[in-house]
Amino acid sequence: MTTALAADREPPLARGPGRLRRLRRDAVRYRWLFLLMLPGLVYFALFRFWPMYGARIAFKNYIPFLGIDGSEWVGFAHFQAFLSNPDFPRLLVNTLVIAALSLLIAFPLTIVLALLLNELRLQILKRTVQTLVYIPHFLSWTVVVSITALLFAIDTGPLWTFFAGLFGTDANMLADPDWFRPLVLMQMVWKDTGWGTIIFLAALAGVDQEQYEAAIIDGAGRWQRVRHITIPSILPTITVLLILHTGQILNTGFEQIYLMSNSLNRTVADVFDTYVYFAGIEQGAYSYSTAVGLFKAIVGLVLIFGTNWLAKRFNQQGIF
Amino acid sequence: MLKRKRIPVALLAVGSLALGACSDGGDNAEPLESLDIMAPFFSAVPPEEDDPVDKALSDLAGLDLSVQWVPNTDYGSKTNTVLAGDDIPDVMVIQGKDQSFVQTAEAGGFWDLTEYLASGDYPNLVTENPQVQEAASVNGKVYGVYRARDVIRTSVILRQDWLDNLGLAQPQTTADLYEVARAFTEDDPDGDGEDDTYGIINPAWGGIGNGSPYDAIETWYGSGNLWREEGGELVPAFTTDEWLQALQYERDLVANGYVNADYATMDPATWNEPFLNGEGGIIIDVQSRATQLAGLFKEQDPEHYDQYVALVGQLDGPNGTYALPTSGYSGFLAVPRAGVQTEDQLKQVLTALNELNTTEAQNLMNHGIEGDNYTVVDGEAVFDPAKQDFTDQVTGAWAQLGMNVAGYNAYPIQEETEYDKALYQQRLDLQAEDLANAVFNPAAGFVSPTYTTSGAQLDTIIADARIQYIAGQIDDAGLQAALDTWRSSGGDDVVQEINDLYADLN
């Protein structure tokens with residue numbers, strides 16, 4: 001907020017020596033703000049930028065014993081090996097399908113839930129529901145998958161019985177490739193939809209109440225108020241989150257997928273993250289898995305810029 | 001602004017310190033004063049430096065033992081961190097021939113012990129089982145003293161009371177097993193008039209050649225153990241006709257419902273439960289599970305606990321009699337060159353390891369301190385229940401240093417009852433019987449570069465295809481397609497490399 005105010009007061013930064021002088025003056029004037037920024041900067045420098053030095057091993061045949069400097073330089077060999085791997089198309093499709101489910105179903109559900117919560121009049125009810133839907137977020141994936149295994153245990157699990165009756169099947173849903181994606185989606189929705197509403201509820205709290213009063217006087221119903229006031233007001237927030245989500249599209253999350261996968265559903269369950277685990281940790285192919293990780297990061301970066309550009313084109317605010 | 005400028009400088013300073021430390025190995029040709037060992041532990045807490053076992057072993061070894069205990073679950077990643085750092089111990093427990101170990105060994109990071117162990121200067125380090133030492137080696141080079149394990153562990157465990165109810169004999173062949181599994185499913189073995197039982201209990205199991213029930217059945221059918229020699233060439237077991245035959249047998253068991261429905265997803269940690277609860281009646285697993293199950297029945301039914309568990313050795317297949325052995329070792333103790341720099345120091349280390357394999361040391365590592373936490377009655381170790389925590393720490397930590405390559409002569413543990421004693425004796429008898437038919441992996445000692453880099457994925461292709469075939473998800477054509485994928489993903493290279501090594505070393 002403060003930077004925005006400062007920008008309002010100051011004319012745009014000039015080029016040349018004047019700019020330097022102004023910077024120095026700003027550094028003194030806003031020294032406490034700079035001091036506040038310091039821990040954040042140190043964090044990023046130490047834990048985000050410094051480790052990138054180690055990403056060099058993607059271009060080397062890294063052997064721990066020889067060290068990073070002593071290992072042989074191989075250029076893009078690991079990237080080539082990955083892109084020409086026969087598993088690559090399958091990994092890409094599986095990753096994109098799970099990402100699409102998350103983006104097209106789980107993400108909108110978060111907005112819907114936030115809108116529903118926002119319409120609750122009774123404060124105590126609203127608070128209780130909010131707290132309840134936050135809880136699953138704090139359970140680890142191991143716990144969520146264990147609960148799923150109990151609920152969907154073949155012949156005995158209550159949800160297995162329910163769905164088996166509904167669809168007239170006797171498949172082992174935990175192992176069936178057709179059930180993998182629905183189960184994973186259900187878990188995602190159950191675990192994180194509630195938590196995801198926080199940021200939208202914050203945005204909703206910022207909507208000017210007078211607009212609603214004016215709309216009520218004009219005779220707008222509840223649905224019309226949601227459609228013409230609430231949604232347009234939180235649209236920038238939605239756009240920003242969408243852009244950030246898109247950047248994460250190749251990060252399906254390792255734990256959930258790894259724990260849910262088994263011999264019978266691996267055709268649909270193998271994603272980049274589990275692949276990196278198999279290649280890197282199980283087989284000790286550090287260079288190769290770093291190359292895969294780097295590839296994912298670059299795709300993520302491209303997607304963030306792409307969505308941002310699109311958002312701007314459609315007359316929305318981007319994030320930068 | 002000034003503050004911001006300083007950050008990167010400070011970072012660079014820290015970074016160069018770290019780098020400097022890495023390259024600073026230190027040259028030291030002096031005799032070793034202590035023996036630094038890195039080892040995994042399973043106990044709740046690792047032993048302290050003033051541990052009585054540590055003292056007693058140090059006296060035996062003639063060097064002060066200083067063990068860096070690492071929780072077993074973190075051991076793999078810790079190994080790599082230690083190898084990349086500058087504080088490398090004198091002796092490291094290496095848990096497997098994974099990529100980073102093999103690369104390090106081939107880059108000269110570990111002493112080649114082949115000649116030293118063969119010299120006979122260290123009698124307690126001369127293996128009584130050359131096949132196992134060969135399996136633990138890397139293409140003919142022995143980089144460590146292996147930690148010996150039982151060679152025969154696989155067995156068939158059945159509900160004896162169910163066999164008795166149905167008047168069935170213990171199975172001797174795979175065909176018998178099929179019939180027993182059918183009867184346990186269809187003939188109401190518990191006599192409650194309800195159709196609530198099945199035959200074989202099978203948990204989810206990934207990978208191939210790691211002692212799964214599938215591996216056992218395939219070996220009994222004569223597929224070989226991971227690799228098989230055919231006309232002077234080594235072929236993967238899963239390309240043999242016997243393998244396919246075994247898979248069809250397994251598929252029939254599953255299709256008829258003689259196996260638990262959740263065989264592809266069942267948590268192996270709950271393996272005992274259906275057996276105890278009377279849902280399933282057959283487990284194909286290690287012999288020690290029979291002892292474990294008998295113990296659990298003892299809690300349920302102390303009067304008749306000796307009537308529930310039948311332990312049967314490995315079964316005859318339609319093509320002959322074959323038994324599945326383990327690899328016979330669980331990793332090895334290797335000597336990094338960074339810690340032990342001269343040959344004199346190496347000899348010091350080997351002398352100490354030799355002393356750590358005496359019967360006295362074996363008793364210390366596996367039982368603890370005689371007269372303190374255990375006493376010897378009739379030549380058998382009896383533990384003091386009041387010092388159980390200490391005993392658990394000894395068996396969960398010190399026992400991990402045990403190599404026992406020249407034989408294990410520590411006191412046997414006294415069994416509680418006659419039944420326990422008889423069961424233990426039966427295990428030993430079955431081991432001796434099955435060892436005569438054991439099918440060893442002829443390629444165990446070969447490390448193929450392709451397998452090292454992509455073996456886990458290659459194995460997963462086969463392991464998944466196996467389960468998919470058994471589940472009826474894919475047919476013969478689908479299985480063939482999976483084999484083709486395996487071949488094109490590097491399998492053909494592995495076959496070529498293994499056969500080159502086989503030709504070179506024979």
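User: Is helix H4 of chain B largely enclosed or exposed, and why?
Analyst: This is a predicted model, where local features need pLDDT of at least 70 and side-chain atom pairs count only at pLDDT 80 or more, while totals for chains, interfaces and linings use all residues. Residues are numbered from 1 along each chain as its sequence is written, with chains lettered from A and ligands numbered from 1 in the order in which they are written. Helix H4 (residues 99–106) of chain B is largely enclosed by the rest of the structure, because 7 of its 8 residues are buried (20 or more other C-beta atoms within 10 Å of the residue's own, with C-beta atoms placed from the backbone). Helices here are DSSP runs of H or I with at least four residues, strands are runs of E with at least two, and both are numbered from the N terminus.

User: What do the buried residues of H4(B) pack against?
Analyst: They pack against helix H3 (75–84), strand S3 (91–94) and helix H17 (449–470) of chain B, where contact means C-beta atoms, placed from the backbone, within 7 Å. Among the buried residues are Phe101(B) and Val102(B).

User: And what comes just after H4(B)?
Analyst: Gly108(B) is found there, with a positive phi of about 90°.

Note on methods:
A residue is buried if 20 or more other C-beta atoms lie within 10 Å of its own, exposed if 12 or fewer, and partly exposed in between; C-beta atoms are placed from the backbone. Two residues are in contact if their C-beta atoms, placed from the backbone, lie within 7 Å.
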